Amino acid sequence: MATEGARSEDWAGYLERFHQQRAGITETVLSRCVDRHGLDPYQWAVQPAGRAGPVLDLACGSGPLWPHLTARPYLGIDRSASELSLAAARGARPLVGADATALPVADSTVTVVVCAMALMIMKPLAPILTEIARVLRSGGRLVALVPANRPLGAPGALVAAGLVAATGPLRYPNDAALADPTEAFGRAGLRIIADDTHRFGYRLTGTARADALLDSLYLPGLPRRRVQAARAWLRALATVGATAPVPLRRLVVTPGHQPA
Ligand SMILES: C[S@@+](CC[C@H](N)C(=O)[O-])C[C@H]1O[C@@H](n2cnc3c(N)ncnc32)[C@H](O)[C@@H]1O
């Protein structure tokens, strides 16, 4: 779920191949993460989404949010046909293959846009935020889940440091905009009403789990030897059943302007 400097030759092409070859990998990892109360990231993500009104699951991927949203009108949108076929197989519907820069959704018709693990990678961000603002009803909200750097916790910091030593700093294309998101959201007519971080843990109970974590990372252009070093590190941690920290950030945004 991270990039090595986001300096891919062709980010859109990289993403397309990644999700064709590894459809469902984000859900595979995140659905096995829990916080100290047993809450998983998707449960945390939907908490501010309310219970009623049409919901747009933007960049829905394999549809991990769908089971939490079945009681209300739902629309899942993603650019990846491979991801959408997994979402369809679990019963999520309706689903539409589309790009976030041109949502096939009428103006002011959506109560909540949920967007898990995608706002940091979708380019170009400005027209995507404008599209989100366009489809949201007045008083509606965007709830976005994105990766964070902390909190890591003490043992978690060691696990993360070993990984970053192998992969380099984990970065995403929209890091700069999301570092101080008021401006980017404000330009789209959106106002931030909550911005929280929370730590989840992913238990490395064996090689398969270690490999899945590595496979879930966006690492365009990372040399093979560094991928192998990261794999070796995670597999070594798995022999002792270590827990990898997965800090996440949840942004809640609504149409309107930030008070001066
Ligand atoms: C890390 S996955 C997250 C999937 C799912 N929300 C989850 O949490 O498991 C990112 C998703 O964003 C989708 N995506 C990336 N850029 C997109 C764009 N411009 N428009 C629509 N979907 C996009 C990818 O196809 C992929 O399914």
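The model is a predicted one, in which local features need pLDDT of at least 70, side-chain atom pairs count only at pLDDT 80 or more, and totals for chains, interfaces and linings use all residues. Residues are numbered from 1 along each chain as its sequence is written.

Let me turn to the overall fold. The protein has 10 helices and 10 strands, taken as DSSP runs numbered from the N terminus, with at least four residues of H or I for a helix and at least two of E for a strand. The radius of gyration is 18 Å, close to the 18 Å from the globule rule for 260 residues, so the protein is as compact as a globular protein of that length. That radius is taken over C-alpha atoms, and the rule is 2.2 Å times the number of residues to the power 0.38. The C-alpha trace spans about 50 × 45 × 40 Å along its principal axes.

Next, the sheet. An open sheet of 8 strands runs in the order E2-E9-E10-E7-E6-E3-E4-E5, with mixed pairing; two strands pair if DSSP finds at least two bridges between them. Its edge strands are E2 (33-34) and E5 (95-97), each pairing on one side only. E2 is joined to E9 (residues 190-203) by 2 bridges, antiparallel, and Val34 stands opposite Gly201 in E9. E9 also pairs with E10 (residues 243-255) in the antiparallel sense, over 13 bridges. By contrast, E6 (residues 110-116) and E7 (residues 136-147) run parallel and share 6 bridges, with Ala116 opposite Leu145 in E7.

Now the interior. Buried residues, those with 20 or more other C-beta atoms within 10 Å of their own, make up 43% of the 260 residues.

Finally, the ligand. Which of the 21 residues around the ligand come nearest? They are Thr26, Ala59, Gly61, Ser80 and Ala116. Helix H1 (11-21) and helix H2 (25-30) each supply at least two residues of the shell.

Key:
A residue is buried if 20 or more other C-beta atoms lie within 10 Å of its own, exposed if 12 or fewer, and partly exposed in between; C-beta atoms are placed from the backbone. A residue is near a molecule or strand if its C-beta atom, placed from the backbone, lies within 6 Å of it.
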